[in-house]
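Hello,

Here is the structure I promised to pass on to you.

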Amino acid sequence: MSNFQPCLPTCSSSSASSSSSYPQHPLSVEGEKWWMVERTANGIISSIRPDTYSEKTRMTRIKIIEKLFLEHLGIKVFPYGSVPLKTYLPDGDIDMSAITHRNTEDAVANNFYQILKAYEQNNCGFLITDVTMIDAQVKVVKCLLDHIPVDISFNKVGGFSSLCFLETVSKDIRRGHLFKQSIILIKAWCYYESRILGASYGLISTYALETMILHIINLFHSHLRGPLSVLYTFLEYYSSFDWERFGISLTGLIILEALPDVVVQRPQIEDDMLLGEDLIQRCKNYFSIPIRAVRAEGGQFKLKPINILDPLNDENNLGRSISLGNFYRIKSALFYGYKKLTEVLMLQESCISDGIKKFFVNTINRRHALEMENRVAACTKGRYYKVANLHGNCMSSFEGMIYGQYFLNYTLPFPRRPQNVRPGPAFLESNVERNSIHVDIGGAAVESNDDGNKINIVKEATSSEIEEELTSMLSYITITDQRLESPPVPLVLLSAVNLERPLRSDLNHLGSMPSCSADY
């Protein structure tokens, strides 16, 4: 097994002789030709990446869901996934997770489902349709809100952790948002061209795909010139990957025969990995705290046809959604995509731009259809849209992890700003005010441990007391006391499902936290 070597994207005599059809490796073409390749790919990315119009429409819908949860159930819900990461496709959905008490997730899901059904049948200023609930081990409420799909899960704090992690490594990689632009381009190919993206259909999940892309960038960064070279390396590498012997991790290959022990073998590559071990370990130590708080004890990494290790959780196989039948479909799609893109990259310079556009023909056609719809809507309302920046907004997910401490019995460390990380973990930065974070403590005081890295909720206190305590630990955090007022009685009473006792007992240690209604 130690002799296994991934396919390096370099030009060599061995690669030249491996196929009589392609005497030269595509990634070794001259710089001017490759500049044209990446320019064409960037044009495709610009046409499907988030714009100001799509951002505004999605933020409006997020605020509607937040308001419904607060007004009817008295709890908070936070977005995660591709929308705050700013890597969603034009047809992308909105993922949100509500934070509630342990063992009440099913009841809250049922109640919110009934709330949406009530709004579906009434004219309420916004259009809610196709309300459904996935009655699985972890319930998910789905709906279309003004024609945009919204998925709502409950106590899925792992989504907050993964978002903050991806934003952190994206800022560490930099290179003109190479990671995020590669995600957008490869997601578009997987979704529109090859139809291999979608965990609910037994295909690759978005987080699994992002981890696969990060694996490529981390190992082969010195050979990558832009998003299209990442796509080509992605197709070349995974179309011939030995999934029967190995799995994928952020820093190397998982030896499957060593499971249940997770043994990661670093491939023999020319360069050091792009992401430093200290950054990866720091992120894992910090962001895995909420995950460890809610996961079941005694879990193990379960083998699937495609095995991808969650960077934050050694027990989680991100390939668990992929069925055996779809595994062969995915392998075929990757090989066919690799073959066709190789043919395109070996075309003459005058033909290569048209070849790349043909390779993404479904993506371009879909974008043209949506662009016409958006232009009509924007012009009707006197608004115009432009490409949005790709600086992610993970503050809401960071606040979600903070908020989860009230309900899920974990304590987050608040480390000081790292000294040797460029340009700094994203979860410690705000895109509006670069050196400040708003943390809603809800009127609860905090105390630090001996090394000043953790806080614990201990009693009710004033904003000034909270600010004095935390600013002594973190000079770049500002605290606001924005206490939630007690919400009205839920549209569908929680007491109907006999939740009065657990809610009361869970709230006792929180002091000033609001209850769902005065009756509780």
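**Strand pairs**

In strand 10, Asn317 is the bridge partner of Leu309. Before going further, please keep in mind that this is a predicted model, where local features need pLDDT of at least 70, side-chain atom pairs count only at pLDDT 80 or more, and totals for chains, interfaces and linings use all residues. Residues are numbered from 1 along each chain as its sequence is written, and side-chain values use heavy atoms, with hydrogens and water left out.

Back to the strands: strand 9 (residues 309-310) pairs with strand 10 (residues 313-317) in the antiparallel sense over 2 bridges. Together, strand 9 and strand 10 make a hairpin, with 2 residues between them. Helices (H or I, at least four residues) and strands (E, at least two) are DSSP runs, numbered from the N terminus, and two strands pair if DSSP finds at least two bridges between them.

There is also an open sheet of 3 strands in the order 6-7-8, with antiparallel pairing. Its edge strands, each pairing on one side only, are strand 6 (246-248) and strand 8 (264-265). Strand 7 (residues 253-255) is joined to strand 8 by 2 bridges, and Leu253 has Gln265 in strand 8 as its bridge partner.

**Helices**

Helix 6 (residues 157-173) packs with helix 10 (residues 277-294) at an angle of about 170 degrees, and their axes are 8 Å apart. Axes are lines fitted to C-alpha atoms, for helices over the stretch in contact, and angles run from 0 to 180 degrees between N-to-C directions. Helix 6 and helix 10 are therefore roughly antiparallel to each other (angles over 145 degrees count as such).

Helix 9 (residues 227-239) reaches 18 Å from its first C-alpha to its last, close to the 18 Å expected at 1.5 Å a residue. The helix is mostly covered: 13 of its 13 residues are buried, meaning under 20% relative accessible area with a 1.4 Å probe, protein chains only.

Leaving aside residues up to four places away in sequence, Ile217 touches Ile173, Leu178, Phe179, Ser182, Leu224, Val230 and Leu274. The C-alpha atoms of Ile217 and Phe179 are separated by 7.6 Å, with the two residues 38 apart along the chain.

Best wishes

Note on methods
Parallel < 35°, antiparallel > 145°, perpendicular 65-115°, else oblique. Contact = heavy atoms within 4.5 Å. Expected span 1.5 Å × (residues − 1). Buried < 20%, exposed > 50% of the residue type's maximum accessible area, 1.4 Å probe, protein only.
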